[in-house]
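Thanks for making the time this morning.

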Amino acid sequence: MRIYPTFFNIFFKGMDPEKAHHVGFWGVQTLRNVGITRALRKYFQPAPELATTVMGITFPSPFGLAAGFDKGGKGIAALAGIGFGHVEIGTITGQAQPGNPQPRLFRLVEDKAVINRMGFNNDGAAAAGPRVAAARADLETEYRGAVRPVIGVNIGKTKVVELENAIDDYLISTRTLAPQADYLVVNVSSPNTPGLRTLQAIESLRPLLAAVREEADRVCPNRHVPLTVKIAPDLVDEDVIEVAALAKELKLDGIIATNTTIDKSSLGSHPLAGEQGGLSGLPVREKSNQVLKLLAERIDGKLPIIGVGGIMTGADAAEKIRLGASAVQVYSGLIYRGPELIKECLAALK
């Protein structure tokens, strides 16, 4: 797999980032369609001792794929076959939407970073639901007798929906997707939907999370669907502490820390530093880890944290576990490291 850096430099580095994403996603899906992913499963298979219980669910490993790669649930089983203990899809919105105008994705190769302002481009909850159900059934069949990869579903607000109607919009996705998901994520931290981050304020977040919890319980009366919230790395300490307290108050099942950052001061005079959107990759690692560490201190083991942001090496993944995460997720690191990063992280976590 060490051929990937050369492959990246020859094929992907000069390609439009969004086109490169689609090519890479198509490649993973094609490998599964022709049966190669199943053969690769033995190569990527996590060690049995990496199996862990998080939010009451058994994961084959604590290493997963963050939301954003598979926005519509079109490649869950294929992605699960290359070493991820869980695949989180989305962000999915109540209504289908095209996202923001292109260009909306930018690579900063020297900084091992990405700026995106995708804007929750997806086919909507109604289209995603059957895909998740089919993928779940497929994985249950394929992994019969073994711990199968977990499917997380990340939901957000449709752009055209006014903030005062945000709860109703989240509930559309909840009632459609909760029955299919292993766990749900309420995304209130993307910087690319106007006004969305205001929902992180406790007075807005409390009724939103309570409503999603109630709706998930209503549509899944025979199964508890774990509910988490994904927060930004840009929250001040007081806000992080309030979120931790709210999570315990509402008996959430976990917190995902963190999303992308709007702070691009680390980029200095880089020509892309002025682009609007969220910054991910190596520059967000320390900010994300600071939030993770503070959350872990305040939660004191009362509920799990999934750490995401800036994982570029196996050591980065292990550090998040040491700081208090129960599981970790990667995305931007895959762009620069490819499948090698998956094996390296699994080895480091073992």
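This is a predicted model: local features need pLDDT of at least 70, side-chain atom pairs count only at pLDDT 80 or more; totals for chains, interfaces and linings use all residues.

As a reminder, most residues other than glycine have a negative phi, and most peptide bonds are trans. Lys251 counts as exposed, at 66% relative accessibility.

Phe120 also has a positive phi, near 55°, and is likewise a residue other than glycine. Phe120 is placed in the loop between strand 6 (113-116) and helix 5 (125-142), and with a relative accessible area of 5% this residue is buried.

The bond from Gln102 to Pro103 is cis, with omega near 0°, and Pro103 lies in the loop between strand 4 and strand 5. The bond from Ala257 to Thr258 is cis as well, with omega near 15°, and Thr258 is found in the loop between strand 10 (254-257) and strand 11 (278-281).

Staying with the loop that holds Pro103, let me turn to Arg104, which is placed in that loop between strand 4 and strand 5 too. Which residue forms a salt bridge with Arg104? The partner is Glu18, and the closest N and O atoms of the pair are 2.8 Å apart. This pair links distant parts of the chain, since Glu18 belongs to helix 2 (residues 17-33) while Arg104 is in the loop between strand 4 (86-93) and strand 5 (105-108), 86 residues apart. Glu18 counts as buried because its relative accessibility is 7%, and Arg104 is buried too, with a relative accessible area of 7%. Leaving aside neighbours within four places in sequence, the contacts of Arg104 include Glu18, Pro98, Gly99, Ile115 and Asn121.

By the rule applied here, the count of salt bridges comes to 25. Another of these is formed by the side chains of Glu49 and Lys350, at 3.7 Å from N to O. Here again the pair links distant parts of the chain, with Glu49 in the loop between helix 3 and strand 1 (52-54) and Lys350 in the segment after helix 12, 301 residues apart. Are Glu49 and Lys350 buried or exposed? Glu49 is exposed, and Lys350 is exposed as well. Glu340 and Arg337, by contrast, are both buried, and their salt bridge has its closest N and O atoms 3.1 Å apart. Salt bridges with shared partners also join Arg136, Glu140, Arg148 and Asp182 into one network.

Glu340 leads us to helix 12 (residues 339-349), whose buried residues are Glu340, Leu341, Ile342, Cys345, Leu346 and Leu349. These buried residues pack against several elements, among them helix 1 (4-12), helix 3 (36-44), strand 3 (63-65) and helix 10 (314-323).

Finally, the surface: Glu203, Asp237, Glu238, Asp239 and Glu242 form a negative patch. Which helix gives the largest share of the negative patch? That share, four residues, comes from helix 8 (residues 237-249). Asp239 lies in helix 8, and Asp239 is partly exposed, at a relative accessible area of 32%.

Technical notes:
Residues are numbered from 1 along each chain as its sequence is written. Side-chain values use heavy atoms; hydrogens and water are left out. Patches are made of residues with over 30% relative accessible area and no salt bridge: like charges are joined within 9 Å, nonpolar side chains (Val, Leu, Ile, Met, Phe, Trp, Tyr) within 5 Å. Accessible areas come from the Shrake-Rupley method with a 1.4 Å probe; for residues, only the protein chains shown count as cover. A salt bridge is a side-chain nitrogen of Lys or Arg within 4 Å of a carboxyl oxygen of Asp or Glu. Lys and Arg count as positive and Asp and Glu as negative; His and the chain ends are not counted. The place of a charge is taken as NZ of Lys, CZ of Arg, CG of Asp or CD of Glu. Helices (H or I, at least four residues) and strands (E, at least two) are DSSP runs, numbered from the N terminus. Buried means under 20% relative accessible area, exposed over 50%, partly exposed in between (1.4 Å probe, protein chains only). Contact means heavy atoms within 4.5 Å.
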